[in-house]
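Subject: A structure for you to look at

Hi there,

Here is the structure I promised to pass on to you. Please open it next to this email, and then read on for what turned up in it.

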Amino acid sequence: MSVRTPTIEQLARDAVEIDDPETALRALTALRLELDAAEADLVRRALRGGASWSQVARSLGITKQAAHRKYRHLFEQPLAEALARSRILATTDARRSIQFAREEAARLSQPAIGTEHVLLGILRCHRSRAARALNALGVTLESARLCLQTTLPGLPPGAVQSETVTVQAGRILDRALREAAKRGERLVGVEHLLLALLSDSRNGAVQTLESLRTTPAKVRRQLEIEWEGTASVSPAAVPAGEPIPAVPIGD
């Protein structure tokens, strides 16, 4: 920004002070390009700093749909690229939960996979300790779908959906891997994905849980209870060396 600001100031002066209209118009065109670049940089910084699309849209004076449509390219990446990068070993249920998240995003006509869709994917893994912990707190697949706090605008009917993941969702696998490592476990399971979701109070998954009258702290406690009750059970794993069909999974 410090490099660009003098250029913006100079172009603004030229646009209003130069007498020759053609030269002034060229300065105005250059000014628009500089302002667009500055705006994109500020949007990137705001979202990386934890601002939501709604907050960004309000600051820009446009709708959330318009803000997302204009700037989603800054943070989303093709799913194929995400999969190619990931070599994390995961349980079978963790793999399924990611696939379920993709299906939930498609069902809602969402343009990308967010943390709220990962929560639904976890709830669809009914036999997992994560789903049992959530169910014990009254968070079921049906209730979560009804109270889902979506962080992305929907696509219009008939629009082509691209398989992309949001920046917040993209952090989930790394966090899940750290959660597994803290417990001395070699494989990422559904439980680690859930713990990773709980680490960011601003994401759509946590907002959904709060709308269902529970909190990350309550979920963690209940998950520990489930963990203690099944401590002797070893989760089914994918074959050695096979990567999770994984999204760097968010708003």
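Let's start with Ala205, which is buried because its relative accessible area is 1%; buried means under 20% relative accessible area, exposed means over 50%, and partly exposed is in between (1.4 Å probe, protein chains only). Ala205 sits in helix α13, where helices (H or I, at least four residues) and strands (E, at least two) are DSSP runs numbered from the N terminus.

A word on the background: this is a predicted model, in which local features need pLDDT of at least 70 and side-chain atom pairs count only at pLDDT 80 or more, while totals for chains, interfaces and linings use all residues. Residues are numbered from 1 along each chain as its sequence is written, and side-chain values use heavy atoms, with hydrogens and water left out.

Back to Ala205. Leaving out residues up to four places away in sequence, Ala205 touches Thr115, Glu116, Leu119 and Leu197; contact means heavy atoms within 4.5 Å.

Next, the helix pairs. Two packed helices are described by the angle between their axes and the distance between the axes. The axes are lines fitted to C-alpha atoms, for helices over the stretch in contact, and angles run from 0 to 180 degrees between N-to-C directions.

How do α6 and α7 pack, at what angle and with their axes how far apart? Helix α6 (residues 92-107) and helix α7 (residues 115-123) pack at about 125°, and their axes are 7 Å apart. The two are therefore oblique to each other: angles under 35 degrees count as roughly parallel, over 145 as roughly antiparallel, 65 to 115 as roughly perpendicular, and the rest as oblique. The crossing of α6 and α7 is right-handed; a crossing is left-handed if the near helix is turned anticlockwise from the far one by less than a right angle, and right-handed if clockwise. From α6, the residues Ser97, Phe100, Ala101, Glu104, Ala105 and Arg107 meet His117, Val118, Leu120, Gly121 and Ile122 of α7. By class, this contact has six nonpolar, three polar and two charged residues (Ala, Val, Leu, Ile, Met, Phe, Trp, Tyr, Cys and Pro count as nonpolar, Asp, Glu, Lys and Arg as charged, and the others, Gly among them, as polar).

Now look at α8 and α14, which pack at an angle of about 125° with their axes 9 Å apart. They are therefore oblique to each other, and their crossing is right-handed. Here Arg129, Ala130, Arg132, Ala133, Leu134 and Ala136 in α8 meet Val219, Gln222, Leu223, Glu226 and Trp227 in α14. The residues of this contact divide into seven nonpolar, one polar and three charged.

Which residues touch the most other members of the largest nonpolar core? They are Ile122, Leu134, Leu193 and Leu194, out of 39 residues in that core. A nonpolar core is a set of buried Ala, Val, Leu, Ile, Met, Phe, Trp, Tyr and Cys residues joined through side-chain atoms within 4.5 Å. Several helices each supply at least two residues of this core, including α6, α7, α8 (129-136) and α14 (216-229). Helix α12 gives the most, with six residues. Setting aside residues up to four places away in sequence, Leu194 touches Ile122, Ala130, Leu134, Val219 and Leu223. There is also a second, separate core of eleven residues, and Val43, Ala57, Tyr71 and Ala112 are among them.

His192 lies in α12 and counts as buried because its relative accessibility is 2%. Leu198 is in the loop between α12 and α13, and this residue is buried, with a relative accessible area of 4%. Between Leu198 and Thr215 there are 8.7 Å in space, C-alpha to C-alpha, and the two are 17 residues apart in sequence.

Finally, a point about backbone angles. Most residues other than glycine have a negative phi. Ser109, in the loop between α6 and α7, has a positive phi of about 55° although it is not a glycine. Arg213, in the loop between α13 and α14, has a positive phi of about 65° and is not a glycine either. Ser109 is partly exposed at 30% relative accessible area, whereas Arg213 is exposed at 76%.

Happy exploring!
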